[in-house]
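This briefing concerns the structure shown below. Please keep the sequence and the model at hand while reading.

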Amino acid sequence: MSSVLARIGFLGALATAVAVIGVIVSAVAVSDLTDELSPAAAANQAVYQDLTDMSAAAEAWASVGLPSAADDYRQATLRLSAHEQEVSAYADGDRALQIAVERQDAAAQAWIDGYAAPRMAAEGGAGARPRDVRAGNAAFDAIRSAHQTTTQAFDSRVRSASDGVSMRLRGTVLAVILLAVAAAAFMARSRRRVLAELSTPLLALEKVVQRMARGDHDVRAAAAGPKEVQAVAQAFNELAEAQTRARAVELWIQRELRTLDTAKDDFVANVSHELRTPLTTISGYLELVAEEFEGQMEPRHERMLDATRRNVARLKMLIDDLLTLQRAEGSNQQMEPVDLPALVRDVVVDVKLTAARRSIRIGVKLPQIDVAVLADRAMLHRAFLNVVTNAVKFSHDDGIVEVAVTTGRGQVEVAVTDRGIGIPSAEIDRLGTRFFRASNAVSNEIAGTGLGVRIMQTIVDRHAGAVVIDSEEGVGTTVTVRLPVQAQAPQPVVTPPAILSVVENQPQPEPAP
């Protein structure tokens with residue numbers, strides 16, 4: 001009897017040790033994730049935000065020469081130094097992360113020394129040469145690339161830390177369960193000797209383990225039977241409590257991340273709304289100045305006025321895109337049956353005048369039946385407007401853009417093909433990243449915010465669709481959007497037996513100013 005109890009006691013003590021070690025290791029891992037890794041990852045994101053603020057301040061100083069732009073630049077520089085030190089301190093000792101952080105810091109310093117600092121040192125409102133702007137954009141692209149690598153490194157470590165916490169918890173649970181099973185097997189062999197003392201509490205403990213394995217995390221083992229069995233039950237309960245605390249920490253982290261994401265969206269929306277009013281005022285005053293001094297300004301003043309107009313228009317477009325992306329990423333969508341061919345036809349009509357100004361023809365092939373999809377009409381219209389507008393924007397003058405709508409296997413497919421500048425193969429995987437623009441679009445000075453593809457992909461994702469982009473530099477691009485057809489069978493429209501119709505827009509004169 002004493003030998004059996006001694007062995008059972010050993011197993012109970014071992015289970016307790018495993019549970020305690022598992023709890024301690026899990027607590028240390030959670031502490032590292034919440035106290036060190038997450039703040040360092042946040043500081044890394046702040047580094048990119050600081051650089052973005054410095055870029056905006058430098059552009060404002062060079063364009064307008066506002067004293068507040070110089071102050072914003074200095075403040076962003078101070079924040080950048082603090083955030084870089086925090087990131088570097090965490091990366092110290094992690095060779096791969098340290099290399100990524102050093103590359104990011106080097107790219108940032110190269111951009112500051114070669115572009116931002118000279119622009120801030122120059123006279124405010126003096127503008128910049130296109131060659132310098134292109135060099136600055138290229139240097140900032142290097143920052144984006146390095147930041148993306150660093151962000152991926154941090155994300156990998158966050159995932160690894162989270163997986164490690166989960167693995168340690170599962171390992172602890174598994175170890176305790178295995179030890180309990182081993183104890184049960186040993187007692188089965190000695191049941192005639194200890195049946196009266198051990199069978200009932202161990203069977204109860206086994207049921208608790210089984211219930212927890214099935215997902216009942218609130219169940220706890222009763223403290224009954226000999227002290228050794230009670231020790232095992234206590235260790236098991238401690239493990240269950242540790243799991244509960246770990247799950248609570250995980251839920252708290254998820255809530256905090258959702259809160260941060262919501263705060264980010266609110267910040268973007270609020271800032272965008274707040275910027276609209278002063279931009280509208282600035283635009284109005286610019287028009288008044290242009291009208292009042294028409295024919296009286298020197299050529300250089302007219303160039304300065306035109307540059308200011310372009311930048312105001314660019315900021316307006318960026319704000320509109322940010323607001324659209326924020327709405328697309330939200331959950332407030334009004335879904336209704338939408339005839340997709342009719343919507344695509346409306347999009348082509350909207351883009352027709354812009355295309356005609358550059359003698360670009362748009363060929364449209366539509367099925368002669370209604371193809372209904374469940375969608376938010378305004379959002380889906382914006383998605384296809386972005387696709388067709390991009391096709392026209394990146395086409396050569398006198399070019400052709402083809403839009404085709406086809407159906408099959410419960411899906412409707414919209415393919416938009418252009419024969420324009422295309423996308424470099426090495427950059428296709430980066431499409432859809434916020435503010436990313438292809439290098440050939442930047443070098444050709446084609447206007448854009450780098451948010452159009454992201455907005456389109458977000459809207460299509462919200463509609464349970466898929467986007468495929470095939471492109472070859474110098475040849476052209478095909479963007480294919482697939483959406484599920486609504487469950488009701490489409491009703492045929494009474495039309496001639498032709499399957500497809502083709503509409504081409506001819507160049508039209510621009511309306512008189």
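Because W111 and Y115 lie 4 residues apart in helix α3 (residues 95-121), about one helical turn separates them. The model discussed here is predicted.

**Aromatic pairs**
- The structure contains 4 aromatic pairs.
- In the pair formed by W111 and Y115, the ring centres are 6.3 Å apart and the planes meet at 40 degrees, so this pair is tilted.

**Packing of α8 and α9**
- Helix α8 spans residues 340-357 and helix α9 spans residues 377-393; their axes come within 9 Å and cross at roughly 45 degrees.
- The two helices, α8 and α9, are therefore oblique to each other, an angle between 35 and 65 degrees being counted in that class.
- The crossing of α8 past α9 is right-handed.
- From α8, the contact draws on L340, L343, D346, V347, D350, V351 and A355.
- From α9, the contributing residues are R377, L380, H381, F384, L385, V388, T389 and V392.
- Sorted by class, the α8 contact with α9 comprises 10 nonpolar, 2 polar and 3 charged residues.

**Confidence**
- The average pLDDT of the protein is 78, and 80% of the residues score at least 70.
- Residues 489-513 have a pLDDT below 50, although this stretch has 40 contacts in the model beyond near neighbours in sequence.
- Where pLDDT is low, predicted coordinates should not be read in detail.

Technical notes
Residues numbered from 1 in each chain as written. Predicted model: local features only at pLDDT ≥ 70, side-chain atom pairs only at ≥ 80, totals over all residues. Heavy atoms only, no water. pLDDT = per-residue confidence, 0-100. Contact = heavy atoms within 4.5 Å. Axes fitted to C-alpha atoms, helices over the stretch in contact; angles between N-to-C directions. Parallel < 35°, antiparallel > 145°, perpendicular 65-115°, else oblique. Left-handed = near helix turned anticlockwise from the far one by under 90°. Nonpolar A, V, L, I, M, F, W, Y, C, P; charged D, E, K, R; others polar. Phe/Tyr/Trp six-rings, centres within 6.5 Å; stacked < 30°, edge-to-face > 60°.
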